[in-house]
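I opened the model to look up charge pairs, a surface patch and a pocket. My notes follow.

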Amino acid sequence: MIVGLTLLVTPMATFLLWKTVAGVFEENHIVETAQAVLLFLAVLIHVREALLQMGQPRTFVLFHSTLALLCLSLFAREFDVDAIGTQDFWALVETVFRVFIVLMWISLGSILIAVRNELWQRRFILVLGKGSRFVYAGILLYGCSWFFDKEVFALTADTALYFEETLQLVATLCFFFGALFFPLVRETGMTNSSD
């Protein structure tokens with residue numbers, strides 16, 4: 001119930017901020033910072049779950065690692081490291097960070113391909129877990145925000161930005177809730193020695 005209320009109230013809250021706070025949708029302002037924080041928290045939760053499941057089938061660890069990397073990639077999109085300062089140093093840090101993420105995707109992708117049969121055997125646990133619906137919703141909402149980012153609809157630039165950022169904020173909430181509801185070890189009835 002709390003989750004549903006949060007997802008329902010968020011668009012209204014962003015609307016009020018839009019009407020009362022100047023530049024609320026600017027880079028690294030309130031809304032984008034909230035998105036970045038939620039995504040980073042989701043990364044931490046998935047990393048924690050991956051570590052807790054080290055004694056379980058490696059597909060569970062890889063699944064949480066994939067979701068952590070997805071959230072980290074979106075974090076890199078939402079948080080502009082180069083906006084921290086005007087020095088070239090920060091632009092370099094952002095570039096290195098993004099290259100690191102690309103290399104992580106390549107590395108993780110090669111591992112996932114190597115264990116594809118194991119992933120397929122556990123497809124129902126991985127794809128239909130309680131947290132899955134939130135991850136799917138987050139991906140869908142991010143996809144929908146693209147249309148407002150590219151101003152496909154006949155809206156003012158300011159209104160399009162409101163819808164874009166609101167959809168992305170709700171999407172990041174979904175990824176955060178997805179992380180909270182994705183303890184695969186507990187869902188499968190297995191016990192973890194660290195629990």
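Which side chain meets that of aspartate 149 in a salt bridge? I found lysine 150, at 3.9 Å from N to O. I took a salt bridge as a side-chain nitrogen of Lys or Arg within 4 Å of a carboxyl oxygen of Asp or Glu.

I noted the ground rules next. The model is predicted, so local features need pLDDT of at least 70 and side-chain atom pairs count only at pLDDT 80 or more, while totals for chains, interfaces and linings use all residues. Residues are numbered from 1 along each chain as its sequence is written, and side-chain values use heavy atoms, with hydrogens and water left out.

**Salt bridges**

I searched the whole structure and got five salt bridges. I then checked accessibility (buried is under 20% relative accessible area, exposed over 50%, partly exposed in between; 1.4 Å probe, protein chains only). Aspartate 149 is partly exposed at 31%. Lysine 150 is also partly exposed, at 49%.

I looked up glutamate 118 next. Its salt bridge partner is arginine 58, with the closest N and O atoms 2.4 Å apart. This pair links distant parts of the chain: glutamate 118 sits in helix H5 (residues 116–121) and arginine 58 in helix H3 (residues 58–78), 60 residues apart. Helices here are DSSP runs (H or I, at least four residues), numbered from the N terminus. Glutamate 118 is partly exposed at 23%, and arginine 58 is partly exposed at 47%.

I also logged arginine 48 with glutamate 49, where the closest N and O atoms are 3.4 Å apart. Glutamate 49 is buried, at 6% relative accessible area.

**Nonpolar patch**

I found a surface patch of Trp146, Phe147, Val152, Phe153, Leu155 and Phe163, with about 550 Å² of accessible area together. Patch residues have over 30% relative accessible area and no salt bridge, and nonpolar side chains are joined within 5 Å. Areas are Shrake-Rupley, with a 1.4 Å probe. Phenylalanine 147 lies in helix H7 (residues 132–149) and is partly exposed at 35%.

**Largest pocket**

I read about 250 Å³ for the largest pocket. A pocket is an open set of points on a 1 Å grid where a 1.4 Å probe fits, with protein on both sides within 12 Å along at least five of seven lines; lining residues have an atom within 4 Å of a point. I listed 16 lining residues, with Val47, Ser65, Ala68, Leu69 and Met104 nearest the centre. Helix H2 (30–52), H3 and helix H4 (88–114) each give two or more residues. H3 gives the most, with six. The lining holds 13 nonpolar residues, three polar and no charged.

Note on methods: Patches are made of residues with over 30% relative accessible area and no salt bridge: like charges are joined within 9 Å, nonpolar side chains (Val, Leu, Ile, Met, Phe, Trp, Tyr) within 5 Å. Grid points are joined across faces, edges and corners, and a volume is the space filled by probe spheres set on the points. Ala, Val, Leu, Ile, Met, Phe, Trp, Tyr, Cys and Pro count as nonpolar, Asp, Glu, Lys and Arg as charged, and the others, Gly among them, as polar.
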